[in-house]
Amino acid sequence: MERTVVRCAEGHVFSTASFPMQTTGRLGPGRLLRCPRCARLRHAVPVESTKR
């Protein structure tokens, strides 16, 4: 199972096993996920990888 690294609206970075990409009614790359740091539903977006 592929994991996706995301950042919540509070700035916490974490990985999630599922980051659903819905094709209908999508308004950008963000999704509502429960952040493990603040334990609330937060808007989360994928983190860009910075491989060198």
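Hi everyone. What you see is a predicted model, where local features need pLDDT of at least 70, side-chain atom pairs count only at pLDDT 80 or more, and totals for chains, interfaces and linings use all residues. Residues are numbered from 1 along each chain as its sequence is written, and side-chain values use heavy atoms, with hydrogens and water left out.

Let's begin with confidence. pLDDT is the predictor's confidence in each residue, from 0 to 100. The protein averages 80, and 75% of the residues score at least 70. Where pLDDT is low, the predicted coordinates should not be read in detail.

Next, the layout. The protein has 0 helices and 4 strands; these are DSSP runs, with helices being H or I of at least four residues and strands E of at least two, numbered from the N terminus. Strand 2 (residues 13-16) has the highest mean confidence, at 92, and strand 3 (residues 31-34) the lowest, at 86.

How much of the protein is buried? Of its 52 residues, 23% are. Buried means under 20% relative accessible area, exposed means over 50%, and partly exposed is in between, using a 1.4 Å probe and protein chains only.

Now look at the largest nonpolar core, which has 6 residues: V6, C8, F14, L33, C35 and A44. Such a core is a set of buried Ala, Val, Leu, Ile, Met, Phe, Trp, Tyr and Cys residues joined through side-chain atoms within 4.5 Å.

Let's stay with C35. At 1% relative accessibility, C35 is buried. Setting aside neighbours within four places in sequence, C35 is in contact (heavy atoms within 4.5 Å) with C8, H12, F14, R40 and R42.

C38 is in no disulfide either, and a search of the whole structure finds 0 of them. C38 itself is partly exposed, with a relative accessible area of 21%.

Last stop: S15, in strand 2. S15 is partly exposed, at 36% relative accessibility. Beyond its neighbours within four places, S15 is in contact with R3, T4 and V5.

Definitions and conventions. Disulfide = S-S within 2.5 Å.
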